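Subject: Structure handover

Hello,

My notes on it follow below.

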Amino acid sequence: MVELKQIKHFVAVAEELNFRRAAERLHITQPPLSQSIKSLEETVGVKLFERNTRGVQLTKAGEAFLGESLEILSTAQRGISIARQAAQGEVGTLRLGYSASAIFSNPLTSALAKLLTKRPLIELQLCAGNALLHIASLKAGKLDAAVLRADLDENALAGLSVSRLGDEPLFVLLPPGHRLQAKPSINFGEIASERLLLQPATQRTFLRRQLETLADKAGVSLSHVVEVPDIGSMLCFVSASIGITILPASAASMAHGLIAIPLADEGSSPPLLLACKQGNPLSEQLRDLVEAEMAAELKG
């Protein structure tokens, strides 16, 4: 079997065409270098060099072998570099879970963009879902980090590193010209007769369950609900006056051309959390960047 050391020796001799200079370049003496080349030729089964009084020349086989040898050394060096970067959390796969409304958080998206800029070899895998599913996946090692919009107790988050990204108020999103657009705030009772666009109940998102709780406290029956699977479609339907919706501040900020009015009901500021698997360099870097973004926002 050909050894990587033999490949290095062969390339040095092929480039120098002189055993003495090649040995000096490799910081070894000439006899072990000659023995290494001889052993390599025996393993390959062909002569790689012609040796005569005029010096050393590559054979046709040697010329062909040189090209492949340079590729092998380049691949090996790249592998070493990637392994070292991986140990420092600079490469690898970051599996990030998110709920549809949580991904709009500016500290999170800004931090994620900076992480990918600093570590361009990272492979990012995104997984949509609800908070309970993501917590189970984190604990099972199927996710590295997850951004959650949920009010969870310490037991549910045990074993995870959790950063609180703050509480985001909920906003009612209305099309221009809506009867409620001039109000400073809106409570659930005032939209009881409206067609409400919500995430599907089957998705079991915290936002959907929170809105059901708020409606129940206000004595409002959600009888005019249209379930919409994604926020982009919700905003499109609101713009078309098909209905109205309620979203957290970060998601509402993306609703260009719509009227956003705070929801006044008590308990309408859901917490936003970043939960990370402990001991994972990539998720820990993301957490640090998110916390730096939050600190910068507070100073700003």
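Phe10 and Phe49 are both buried. Keep in mind that this is a predicted model.

Aromatic pairs

Phe10 takes part in an edge-to-face pair with Phe65. How buried is each ring? Phe10 has a relative accessible area of 0%. For Phe65 the value is 17%. That still counts as buried, because the cut-off is under 20%.

The search of the whole structure gives 3 aromatic pairs. In one of them, Phe10 and Phe49 have ring centres 5.3 Å apart. Their planes stand at 50°, so this pair is tilted. It links distant parts of the chain: Phe10 sits in helix α1 (residues 4–16), Phe49 in strand β1 (residues 49–52), and 39 residues separate them. Phe10, Phe19, Phe49 and Phe65 make up one aromatic cluster.

Strand β7

Next, look at β7, residues 170–174. The strand is mostly covered, with 5 of its 5 residues buried. Which way do the side chains point? Leu170, Val172 and Leu174 go one way, and Phe171 and Leu173 go the other. In a regular strand, side chains alternate between the two faces of the sheet. Here the residues pointing either way are all buried.

β7 has these strand partners. Strand β10 (residues 244–248) runs antiparallel to β7 and is joined to it by 4 bridges. Leu173 has Thr245 as its bridge partner in β10. Strand β11 (residues 259–262) also pairs with β7 in the antiparallel sense, over 4 bridges. There, Val172 stands opposite Ile261.

Largest pocket

The largest pocket holds about 150 Å³ of space. Which elements give two or more residues to its lining? They are α5 (106–118), β6 (160–167) and α10 (281–299). Lining residues include Asn106, Pro107, Leu165, Gly166, Asp167, Met294, Glu297 and Leu298. Ser105, Glu168, Ser250 and Leu272 line the pocket too. By type, the lining divides into 5 nonpolar, 4 polar and 3 charged residues.

Best wishes

Technical notes: Residues numbered from 1 in each chain as written. Predicted model: local features only at pLDDT ≥ 70, side-chain atom pairs only at ≥ 80, totals over all residues. Heavy atoms only, no water. Buried < 20%, exposed > 50% of the residue type's maximum accessible area, 1.4 Å probe, protein only. Pairing = 2+ DSSP bridges. 1 Å grid on protein atoms, 1.4 Å probe; cavity = no way out; pocket = protein on both sides within 12 Å on 5 of 7 lines; lining within 4 Å. Points joined across faces, edges and corners; volume = space filled by probe spheres on them. Nonpolar A, V, L, I, M, F, W, Y, C, P; charged D, E, K, R; others polar. Phe/Tyr/Trp six-rings, centres within 6.5 Å; stacked < 30°, edge-to-face > 60°.
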